[in-house]
Amino acid sequence: MLASARVTLKHHRFEVLATILAALGLAAACLWLNSQLLAVNARPDCFREWMDGPDSASRECATAVRAFSDILFSNMSWIDPGMAILPFVVGIFIGVPVVARELETRTAQTAWSLSPSRTRWLANQIWPLVLVAGTAICIASIASSMLHATRINAFPPQIFEGLGFHGPLVAARALAAFGLAMLIGAVVGRSLPAVVLAAVVCLFAVLFVPTYARDAWARTQPSQLFEWSDPTPRITFDDFYRTPSGGFISLGEALSLVPEESADNPYAWMLENGYISFSRGITAETASQWEPLEVAGTLVAGVLLVGATTPVVNRRRPTA
Amino acid sequence: MSEAPLSAENFGRRYRRSRPWAVRDLDLTIQTGSITALVGPNGSGKSTLIRSWMGFERPDEGRVLVEGLDVGRHRKNAVEKLGYVAQSNALYRDLSVGDHFDLAATYRPEFDRDFATSRTDEARVGVNRRVGELSGGEQAQVGLALALATGAPILLLDEPLASLDPLARRDFLAVLVEHVRTSGRTAVLSSHIVTDVQQACDWLVVLANGRLLLHTSVAEARAQHRTSTTDASGEGVVGRFPGPDGEQLALLKSSDPSLPEATLEEIVLGYMASQRSARRA
């Protein structure tokens, strides 16, 4: 089994090496940036002072926060996108050739004649690649998580912001992209079209599926009402107004009540006349329960996609 | 009663519905311990048949069997009994010969690495050499060493000689014949060049347009066929084809000692010509 793993890694050495370099490069960048931010030694209360108003912050705090921000924002423009695309690039790059290249180069004939069980052959292809690439990805996600921890102490992110840039979701996305790319490669049988198709599907999936899933999940959670001035971090679904008599009306209904002479600034009129803006939503604390669900869902999708490749390989002719 | 090593029952395969059948209505049983030449022009269905026995193709009609096992239902068990040498270069170009042996040993517990190494050493191919650096003949020897060292009782060789020079072909066939004869295995070797296989094979299967034209032992085929340059006609004529000097030859199904015995190539050409005539008619 180890001999087979060695041969698999040797056969895929270009992809494996590129994956390790990309993942470890990003991990090193995250750790370097984190060390730079920590070296500024900005105290957490400095950021709170700064948030209350830059002018009210002490000179020492203002200097530290400015230094922290300069380092952070001049580097996050490439580290965040890098971490966002890393799992997909690695998953596609490693996943497509597993079956597609064997079909393209006709080596599947040799492999499948030597291995009576194609399922076993596929498993022997997958595990060394997942182990090596997965380890590299995990190192990158851990380094990114450390950076994220330093960042949120300074500037708390918006709810769901930056999910997928750090933590186990990075590794889960890599597995899902790997499974998808391998499945598409097995179906299409050619590497380049499979790479393009897998990239398009991944792009579509990452743009739409998490957004839809997060929204759908959030709506199933126990919601509460927030007055507009309530500072609690939250995500909201519906906005409406409480009337002076205590009833609730929609924004449209509230606007229809505004007299013509106040049409220039209807919100001021509503405020003066006791119409208070409310929204319904969930708190950041409730929303934080989403991330493990997204990780689990993505992992399950990855495992299912990897599993779905097995019947395709078992039914397939060994040529493209 | 022991099962035939390889057989086909009413086997048919069509790659697309809009295209003609690659093979159809094929009933065939390969004799145990034989080296069978599967001969026919390009597109006659030779590779389709071999690939179906390997489980690479699924029959659209009938079934193919390996030692009585329906390959469609018991592919894993069937493939365990098979050693395979692919039509074109199907080895991993970026891996060494030794890496191929490692792979084979992973999947075939009975793989004899020492035997494979000695085979490639005899062919002057070091196990550390990368396959991409080897000549076509050397790669064919590696493919053959892999198939032989699996210890599989049945060998399927899908046009392994097609891209080899004449000397490499002789070397390849010499190794094949020696090992098949001494180990009592069964081998099926497809080729569209009859002269390549006539010294190696003891059974002959001729396919054309996906149909079985002839299946007999080489000795019987030669004993029962004659050629004639005269204007032969009648029921005994199998087919007509041009001879090496451009003259018209007729293959006759006859054992008339006054007529010259047909060579294996002439027998195959006669049957292929008969199929062509039938299609024109």
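Q: How exposed is B:R113, in relative accessible area?
A: B:R113 has a relative accessible area of 31% and is therefore partly exposed, as the class lies between under 20% for buried and over 50% for exposed. This value, like the others here, comes from a predicted model.

Q: Which residue forms a salt bridge with B:R113?
A: The general idea is that side chains of opposite charge can pair when their charged atoms come close. Here the partner of B:R113 is B:D102, and their closest N and O atoms are 2.5 Å apart. B:R113 sits in helix α4 (residues 113-122) of chain B and B:D102 in helix α3 of chain B, so the bridge ties together parts that are 11 residues apart in sequence.

Q: Is B:D102 buried or exposed?
A: B:D102 is buried, because its relative accessible area is 17% and the cut-off for buried is under 20%.

Q: Which side chain meets that of A:R6 in a salt bridge?
A: The side chain of B:D99 does, with 2.9 Å from N to O. This pair crosses between chains: B:D99 belongs to helix α3 (residues 97-107) of chain B, and A:R6 to helix α1 (residues 2-11) of chain A. B:D99 counts as buried at 3% relative accessibility, whereas A:R6 counts as partly exposed at 39%.

Q: Which side chain does A:K10 meet in a salt bridge?
A: A:K10 also meets B:D99, at 2.5 Å from N to O. Again the pair crosses between chains, from helix α1 of chain A to helix α3 of chain B. A:K10 is partly exposed, with a relative accessible area of 28%.

Q: Which residues are linked in a network of salt bridges?
A: The network links A:R6, A:K10, B:D99, B:D102 and B:R113. For the structure as a whole, the count over all chains is 28 salt bridges.

Q: Turning to a strand, where is B:T29 placed?
A: B:T29 is in strand β2 of chain B, which covers residues 23-30. Its relative accessible area is 38%, so B:T29 is partly exposed.

Q: Which residues does B:T29 touch, leaving out those up to four places away in sequence?
A: With those left out, B:T29 touches B:A4, B:L6, B:S7 and B:H215.

Conventions:
Residues are numbered from 1 along each chain as its sequence is written. Chains are lettered from A and ligands numbered from 1 in the order in which they are written. This is a predicted model: local features need pLDDT of at least 70, side-chain atom pairs count only at pLDDT 80 or more; totals for chains, interfaces and linings use all residues. Side-chain values use heavy atoms; hydrogens and water are left out. Helices (H or I, at least four residues) and strands (E, at least two) are DSSP runs, numbered from the N terminus. Buried means under 20% relative accessible area, exposed over 50%, partly exposed in between (1.4 Å probe, protein chains only). Contact means heavy atoms within 4.5 Å. A salt bridge is a side-chain nitrogen of Lys or Arg within 4 Å of a carboxyl oxygen of Asp or Glu.
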